[in-house]
Amino acid sequence: MVVTFSEMSQKIKAVLDPFDARIDFAFYLSTNDNQFILHGDQTMPSASVIKLMIADYYCSNFSIDELKNTQYEIRETVFGAGITPILDEKRFSLADLIMMMLALSDNTASNQLIDFIGIEKLSQWISRHYPSTRLSRKFMDFTNPKDNQTTVYDLAVALTNLMAFPLAKKALFNQQSLDKFEISFAESGEEKVDFFNKTGEGIGIDHDAILFDEKNQKTIAVLLTKYDPKIVSRIEIVDLFSKIGALIWDNFHD
């Protein structure tokens, strides 16, 4: 039986409704011709998903040859996600840094990309192209009272834009996290649907932005969540992502 977009949206809404009073969340779902949005205007702490916008800046303003041939030396490493702090090599191409930022969510690589162009110039470009997104600080810089912010709509646009760049597509196709939307289908063995995603995590923050590409149809889902871990467990949040991912994934099999 074919499930209509409206039916799928209502099933997702039924999953999200019980959380409405317990957590802050924003959800976006679209296909080629339809959109379904809950709390779409709500600005949320971005965690790592703002790395999509950083990647868009570089892919939009540099050629692939420039990205591959421009070398940059890492001057300072930070903790958190990533592999650069444990590598002996400290000099990488911009393309390598983008790949590590998206595929491994490498915070040090991300900060080098911010430093290379300058946070002021980069944040201005992001604000022009993504009106509800603010890059205010580097990653793991907790001395800065401002937080990076974004919305589900801006993330959907960023994910769509990055599909035009093979470097970004490769990185997002190989993104390391399998514990959000993907948990429903990562081991399914299906090959007809490609998916590209970027997750974000923090204390009381879990995000995922994902694009499914099946033949001539693209489906985008973005869920941003902010919650009090003393009230709502992360297991509940990950289960929420899994249930929504399963509903979307089932739609490809009807």
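In what order do the five strands of the open sheet lie? I read the order as β2-β1-β9-β8-β7, with antiparallel pairing. Strands here are DSSP runs of E of at least two residues, helices are runs of H or I of at least four, and both are numbered from the N terminus. Two strands pair if DSSP finds at least two bridges between them.

I note that this is a predicted model, where local features need pLDDT of at least 70, side-chain atom pairs count only at pLDDT 80 or more, and totals for chains, interfaces and linings use all residues. Residues are numbered from 1 along each chain as its sequence is written, and side-chain values use heavy atoms, with hydrogens and water left out.

I looked up β1 (residues 24-30) and β9 (residues 217-226), which pair in the antiparallel sense over seven bridges. Asp24 has Lys226 in β9 as its bridge partner.

Helix pair. I found α4 (residues 94-103) and α8 (residues 166-173) packed at about 35°, with axes 8 Å apart; axes are lines fitted to C-alpha atoms over the stretch in contact, and angles run from 0 to 180 degrees between N-to-C directions. The contact (heavy atoms within 4.5 Å) includes Ile98 and Met99 of α4 and Leu167 and Lys170 of α8.

Asp213. I placed Asp213 in strand β8 (residues 205-214). Why does Asp213 count as buried? Asp213 counts as buried because its relative accessibility is 16%; the cut-off for buried is under 20% relative accessible area, with a 1.4 Å probe and protein chains only. Leaving aside neighbours within four places in sequence, I list its contacts as Lys192, Val193, Asp194, Phe196 and Lys218.

How values were computed:
Buried < 20%, exposed > 50% of the residue type's maximum accessible area, 1.4 Å probe, protein only.
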